[in-house]
Amino acid sequence: MKKKQTILSVSLSNGRLKALSIVKNTIGQSWERPGRHVSLDTLRDALEEAIHHTQFPGTQLAMLVDHPRLATRTIQIPPMVLTDLLPFLERKVQQEKPWEGPAAWRYRIGLEARGKLHIHLDIWPQDYIDTIVHICQELGLSLRQLAPLSALSESQLSTLPVEPGKGSILITLLEGKIIIVAGKEDGTPIWTRHLFPAQDWVPLGERVGTEVNRTMMFITQQTNIKFPCIWFWNDEERLTAGEIQPHVNTPLVPFPIKPDWNYWLWVGAMLPVNLPSNFTPTQVLQAPLRNTLTKTFVAMLAAFILFGVGTTSVIEGYLARHRTAIQTMTEQVTAIQQDQAQWESRLMSLDTKRQWAQSVSETTTPELEGPFLSYLGSIIPTQVILRKAFVERTQDGWNVELDGSTSTNLAATLLLVDQFIQQLANGPYHVTLHEDWRDQLLTQTATPSNERPLYRFTLKGTMS
């Protein structure tokens, strides 16, 4: 790591609070609050005790949370651009949240297959986040990470040895919660499942094995990813690999290391700030940078003022010692300025005559239509049929109108036309087109299912 961190890592799950002090990337003291259930009402006191017992000397805080109010959902949607995706997810969050009041949410695009996107949503109550941020401000802590406990399991996919073209599946049992995570060969998570407490009549090993089989079968059907093994880790003896293995055909392999909770707290502290599931508000993340910039600006301003005062004193002393020489130089500058004015008058007269001669000699205007149409033929996409190209010269430049159509679907049409417009704008003729073409395409009625789609567009603008 380029910069050594000093950070307090805290996990809060099922009312149990554990903390680990990390000082300049060195593990310090750890502490678990004994016997007492920690809620938002008692979180401030619990964090104060954690700082005291771990002898934490810094201000940064990373916090991993698991709470019944925090919801996790996986939804399947057709592909769409970001400007359409975000409003859609906002509406979905309002439908899925199991409480009244504002919600904060984070999303991650997981599995992409067969024209469908699987979106992983984490939905938290906004008042829950606001309370934690307020407690940190009262304690002088700088919150850097506020993420669900499942982020630990997802982060471990990149540490597993995976063959090229294969995938990985990891089963973890953290604080009594079973999490199944599947990822690509580079460790990117594509599927995360949270299992609720098992029913009494179904053995836990059988239930986990069944859910793992379903996960593997679904991903294999959607993609060509294969899973040579299943990695397994738990922090207690409640579930063993031997209880799961009879219910799955893929061999279970123990996690490469035997981590304790100090390891998991270390992992939580080292998660990147730009983690998709980090619920820390942007203004809180930017606060340390703003403070640093403010201090730097004040220091620079003070240095500038001191430098300005010193420079002014030096200049005043120099002027006092060389007043006569300055007066002579001023007279010489005045004479030079007078000569300059005379020469400028002569140059203006010559320039006027030159302009008259140029206006007489330039009697024709170069043609532009032919070269521009030739340029259109070299950049137009093969899927686009250009039916009309109109170029008209005006006093201010050139008016351009292009009429065409495509036989692709709407999403591809939008992308093709947008790329075509970008090439026109960045090309040698600098064509600027109006923005109403997108609305034209979006309002067109789709063709019947037994015919190829046909979308028409008209582009109008100017060329400079």
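The place to start is an open sheet of five strands, in the order β3-β2-β1-β4-β8 and with mixed pairing. Strands here are DSSP runs of E with at least two residues, helices are runs of H or I with at least four, and both are numbered from the N terminus. Two strands pair if DSSP finds at least two bridges between them. β3 (26–32) and β8 (142–148) sit at the edges with a single partner strand each, so one side of each has no neighbour in the sheet. From one strand to the next, the twist averages 15 degrees.

A word on what you're looking at: this is a predicted model, where local features need pLDDT of at least 70 and side-chain atom pairs count only at pLDDT 80 or more, while totals for chains, interfaces and linings use all residues. Residues are numbered from 1 along each chain as its sequence is written, and side-chain values use heavy atoms, with hydrogens and water left out.

Inside the sheet, β1 (residues 7–13) and β4 (residues 60–66) run parallel and are joined by seven bridges. Leucine 12 stands opposite valine 65 in β4.

Contact means heavy atoms within 4.5 Å. Angles run from 0 to 180 degrees between N-to-C directions, using axes that are lines fitted to C-alpha atoms, for helices over the stretch in contact.

| Helix | Strands touched or crossed | Angle |
|---|---|---|
| α1 (residues 43–54) | β1, β2 (16–23), β3 and β4 | about 135 degrees with β3 |

Which residues does serine 277 touch? Leaving out residues up to four places away in sequence, serine 277 touches Arg106, Asp122, Leu146, Ala147, Pro148 and Ala151. Serine 277 is found in the loop between α7 and α8 (282–321), and at 6% relative accessibility it counts as buried.

Finally, the cysteines: cysteine 136 is buried at 1% relative accessibility, and cysteine 229 is buried at 15%. Counting a disulfide as a pair of cysteine sulfur atoms within 2.5 Å, the model has zero disulfides.

Definitions and conventions
Buried means under 20% relative accessible area, exposed over 50%, partly exposed in between (1.4 Å probe, protein chains only).
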